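Here's a quick briefing to read alongside the model. Have the viewer open and follow the residues as they come up.

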Amino acid sequence: MDAAEPGVVAAHAANAFDAAGVSYLVGGSVASTIHGEPRGTLDVDFAVHQAREQVELLAASLEEQFIVDVASIAEAAASKRMCNAILAKLFIKADVHVRAAEGHSLAEMDRALLVELPGSDRTLRVATPEDTALRKLWWYRAGGESSDRQWQDVRGVLRGMRASDRNYLDRWSGELGGTDLLARALADL
């Protein structure tokens with residue numbers, strides 16, 4: 001995948017989310033690359049706060065550029081799970097993680113940064129370094145603590161933080177069940 005392609009996918013998806021009135025942020029490996037160490041990725045991860053009432057409008061907005069399954073968008077909205085959209089012109093996947101607008105997910109969305117991504121012609125909402133590290137720790141734990149890639153992403157983001165909000169990291173790592181992982185990652189820098 002060309003280095004600019006994730007930015008193209010992110011820009012098209014952000015346009016669709018904006019058109020449908022869906023709050024979003026770019027997360028995952030794109031966010032960890034922005035805040036830490038660059039690495040390749042095969043998809044672009046988004047967190048969204050999407051209501052069931054927005055399904056048809058979001059599907060119609062996405063269908064302008066993406067291959068989508070309306071039923072999977074509806075299921076993701078109802079169950080707060082993930083669905084996919086594939087940018088037709090590049091055949092690159094966007095993973096859309098539908099989250100409840102509460103707890104850490106609400107704080108994460110409220111704190112998102114405006115960033116111009118390489119390869120993009122617009123400013124996009126991107127998870128903060130702290131929230132990127134917290135989500136990566138969560139995925140590392142959910143994956144049985146076996147993904148070297150997730151762990152390296154966490155370490156890269158933590159190393160890249162200039163003015164880390166340590167109280168925020170401590171609070172949410174506790175609520176997300178990762179206090180021990182955060183301590184280990186900080187000690188591992």
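Arg125 sits in strand β7, and in this predicted model its relative accessible area is 23%, so Arg125 counts as partly exposed.

**Arg125 and Tyr24**
- Arg125 and Tyr24 are 101 residues apart along the chain, yet their C-alpha atoms are separated by 6.9 Å.
- A polar atom of the Arg125 side chain lies 2.9 Å from the backbone oxygen of Tyr24.
- Leaving out residues up to four places away in sequence, Arg125 touches Tyr24, Leu25 and Val26, along with Met109, Ala112, Leu113 and Leu114.

- Where is Arg122? Look in the loop between β6 (113-116) and β7 (123-126).
- Arg122 has 19% relative accessibility, and the cut-off for buried is under 20%, so Arg122 counts as buried.
- Which side chains does the Arg122 side chain pair up with? One is Asn15, through a polar contact of 2.5 Å, and another is Asp18, through a polar contact of 2.8 Å.

**Asp153, a buried aspartate**
- Asp153 belongs to helix α7, which covers residues 148-160.
- Is Asp153 buried or exposed? With a relative accessible area of 6%, Asp153 is buried.
- Not counting residues up to four places away in sequence, Asp153 touches Ser32, Arg39 and Lys136.

**Nonpolar cores**
- The largest nonpolar core has 34 residues, and those touching the most other members are Phe17, Tyr24, Val26, Phe46, Val48, Phe66 and Ile73.
- Which element gives the most to this core? That's α1, with seven residues.
- Phe17 is in contact with Val22, Tyr24, Phe46, Val48, Leu58 and Val96, once its neighbours within four places in sequence are set aside.
- There's also a second, separate core of 16 residues, with Tyr140, Val157, Tyr168 and Ala185 among them.

**Helix pair α1 and α3**
- Helix α1 (residues 5-20) and helix α3 (residues 55-62) have axes that come within 8 Å and cross at roughly 145°.
- α1 passes α3 with a right-handed crossing.
- On the α1 side the contact uses Ala16, Phe17, Ala19 and Ala20, and on the α3 side Leu57, Leu58, Ser61 and Leu62.
- How do those contact residues divide by class? Seven are nonpolar, one is polar and none is charged.

**Helix pair α5 and α6**
- Helix α5 (residues 103-111) packs against helix α6 (residues 129-142) at an angle of about 145°, and their axes are 10 Å apart.
- This crossing of α5 and α6 is left-handed.
- His104, Ser105, Glu108 and Arg111 from α5 meet Glu130, Asp131, Leu134 and Arg135 from α6.
- By class, the α5 contact with α6 has five charged residues, two polar and one nonpolar, whereas the α1 contact with α3 has seven nonpolar residues and no charged ones.

Key:
Residues numbered from 1 in each chain as written. Predicted model: local features only at pLDDT ≥ 70, side-chain atom pairs only at ≥ 80, totals over all residues. Heavy atoms only, no water. Axes fitted to C-alpha atoms, helices over the stretch in contact; angles between N-to-C directions. Helix = DSSP H or I, 4+ residues; strand = E, 2+ residues; numbered from the N terminus. Left-handed = near helix turned anticlockwise from the far one by under 90°. Contact = heavy atoms within 4.5 Å. Nonpolar A, V, L, I, M, F, W, Y, C, P; charged D, E, K, R; others polar. Buried < 20%, exposed > 50% of the residue type's maximum accessible area, 1.4 Å probe, protein only. Polar contact = N/O pair within 3.5 Å; in protein donor to acceptor, adjacent residues only side chain to side chain. Core = buried A, V, L, I, M, F, W, Y, C linked by side-chain atoms within 4.5 Å.
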